[in-house]
Amino acid sequence: MLVDVHTHVYLPRYASWLRSRSIAPRILVNEAGEERLLILENETSAGRPVGPSYWDRNAKLNFMDQHGIDISVVSFANPWLDFLSPPDAESLARDLNTDLEEYCATSPCLPSSSLNRLYGLGLLPLVPGISISSVLQAVSQIAKAPHLRGLIMGTKGLGKGLDDDALDPVWKAIEEKGLVVFLHPHYGVDSSAWGDKENGHVLPLALGFPFETTTAITRFILSGAFDRFPSLRVLLAHSGGTLPQLSSRLASCIDHDPIVASRLKHDARFYLGKLWFDAVAYGPEELAFVSEIVSRAGRYESGNSNTKTLADRKEGSKRMLFGTDHPFFPPLSSSEKWKSVVENLEAIDSVAGWGEDEREGVRAENALTFFDIQ
Ligand code: URA
Ligand code: ZN
């Protein structure tokens, strides 16, 4: 069995909205009559090719069939509603969450099973100036939708990031309703870091995206949010960006900063054990590393002094979930299997120290439990 937890859609209503815009984010028609997607900062007017794989459910199902994916947990793609006014964000969130529930509910079931092939992650109208009650209404709407299991969120929150105290009622509601938060980047980091050479989208996507996720979740952790909302379930895109690699450095910096240290109940490394990580890392060594770091987290619970023995990768693998990032990173020819998918599957299959139980967990079982798909 294979479950994809990182797979996006621009539903037709959202694509229409992008087509109606004259500034980015937008979909435009170029001189050759082809539609192009323009969403990233400093993207040239050439944009990226965009087509049915972004909005057509049959294209999603065909992609799933082509790669042996049984179930997908589909989320809206960046930049969500970030660019809208509060009234537009509120009404589009309501309509898109309704659309996504229908997209999933009317999808085919798995053969000889009552499970649908599509489940979804809705979105919240998180824009500056929105009332918290509007955001809470969207949380309630998602919680009531039978096929929506959580929501996807960018890193801006209400404009001040995810350590904004104003978000506390939102985290509380999400935690109480048992919804998953899928934290996903869009903005990268200041593009002046990328220099003048023409490197296409490589630097913002390969580095900027994971750096953005790292900063956002680190600020969230430093705000003490996991101490206030210990049952909140957050899934990090792209295997947690660089947080696993930097977590001991983070812990050390906190130790040397009494104001922050006194705010947190635990060593920073403990909080990595509160998180889930997609397995969109493209290499077995990276998956091994993340699982080892996550395995280690429990040792950093306050009062636990067992920090010396080496961590076992198996425990951490239970918090890792297969993903594709479809429809992004397509191959040049439409008939072949997507390299981005094949690489991630091969990586799962060849992590040293994982047995068949761990591989099956990451391919499907962890996701079925995490999203309560049964
Ligand atoms: N590019 C994007 O804009 N979003 C993704 O999720 C992946 C690539
Ligand atoms: Zn993505």
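W354 counts as buried, with a relative accessibility of 3% (buried means under 20% relative accessible area, exposed over 50% and partly exposed in between, using a 1.4 Å probe and protein chains only). This tryptophan sits in the loop between α13 and α14 (helices, H or I of at least four residues, and strands, E of at least two, are DSSP runs numbered from the N terminus). The model is predicted, so local features need pLDDT of at least 70 and side-chain atom pairs count only at pLDDT 80 or more, while totals for chains, interfaces and linings use all residues. Residues are numbered from 1 along each chain as its sequence is written, chains are lettered from A and ligands numbered from 1 in the order in which they are written, and side-chain values use heavy atoms, with hydrogens and water left out.

**W354 and its surroundings**

- Leaving aside neighbours within four places in sequence, W354 is in contact with L287, S291, R313, S317, M320, I348, R359 and V362 (contact means heavy atoms within 4.5 Å).

**Helix α13**

- Helix α13 spans residues 339-349, and its buried residues are S340, V341, N344, L345, A347 and I348.
- These residues lie on the same side of α13, because they cover an arc of only 155 degrees around the axis (the arc is that of the directions from the helix axis to the C-beta atoms).
- As background, an α-helix has 3.6 residues a turn, so residues three or four places apart point the same way.
- The packing partners of the buried α13 residues are α2 (57-66), α11 (284-296) and α14 (356-370).

**The zinc site**

- Four residues coordinate the zinc ion (ligand 2), at 2.0 to 2.1 Å: H6, H8 and H184, each through NE2, and D325 through OD.
- Donors here are N, O and S atoms within 2.8 Å of the metal (3.2 Å for Na, K and Ca), and water is not among the atoms, so sites may look incomplete.
- Along the sequence, the donor residues of this zinc ion follow the spacing H-x1-H-x175-H-x140-D.
- H6 and H8 are both buried.

- L115 belongs to the loop between α3 (86-105) and β6 (118-122), and its relative accessible area of 13% makes it buried.
- Not counting residues up to four places away in sequence, L115 touches I71, C109, L110, I373 and Q374.
- L115 and I373 are 258 residues apart in sequence, yet their C-alpha atoms are 7.5 Å apart in space.
- T218 is part of helix α6 and is buried too, at a relative accessible area of 14%.
- Beyond residues up to four places away in sequence, T218 touches L243 and L250.

**Pockets**

- Pockets and cavities come from a 1 Å grid over the protein atoms alone: a cavity is a set of points where a 1.4 Å probe fits but cannot get out, a pocket is an open set with protein on both sides within 12 Å along at least five of seven lines, and lining residues have an atom within 4 Å of a point.
- Grid points are joined across faces, edges and corners, and a volume is the space filled by probe spheres set on the points.
- The largest pocket has a volume of about 760 Å³, and of the 32 residues lining it, L205, A206, V280, A281 and Y282 are the closest to its centre.
- Two or more lining residues of the largest pocket come from each of α6, α8 (243-255), α11 and α13, with α6 giving the largest share, seven residues.
- That lining divides into 18 nonpolar, eight polar and six charged residues (Ala, Val, Leu, Ile, Met, Phe, Trp, Tyr, Cys and Pro count as nonpolar, Asp, Glu, Lys and Arg as charged, and the others, Gly among them, as polar).
- The second largest pocket has a volume of about 500 Å³; of its 24 lining residues, E41, N42, E43, G200 and P204 are the closest to the centre.
- Nine nonpolar, 10 polar and five charged residues make up the lining of the second largest pocket.

**Cavities**

- The whole structure holds two cavities of 30 Å³ or more.
- The largest cavity contains about 100 Å³ of space, and its lining has seven nonpolar, three polar and two charged residues, among them W80, D82 and K156.
- The second largest cavity, of about 30 Å³, is lined by L162, W171, V181, L183, I217, F220 and V234.
- β8 (180-183) and α6 (202-222) are the elements that give two or more residues to the lining of the second largest cavity, which has seven nonpolar, no polar and no charged residues.
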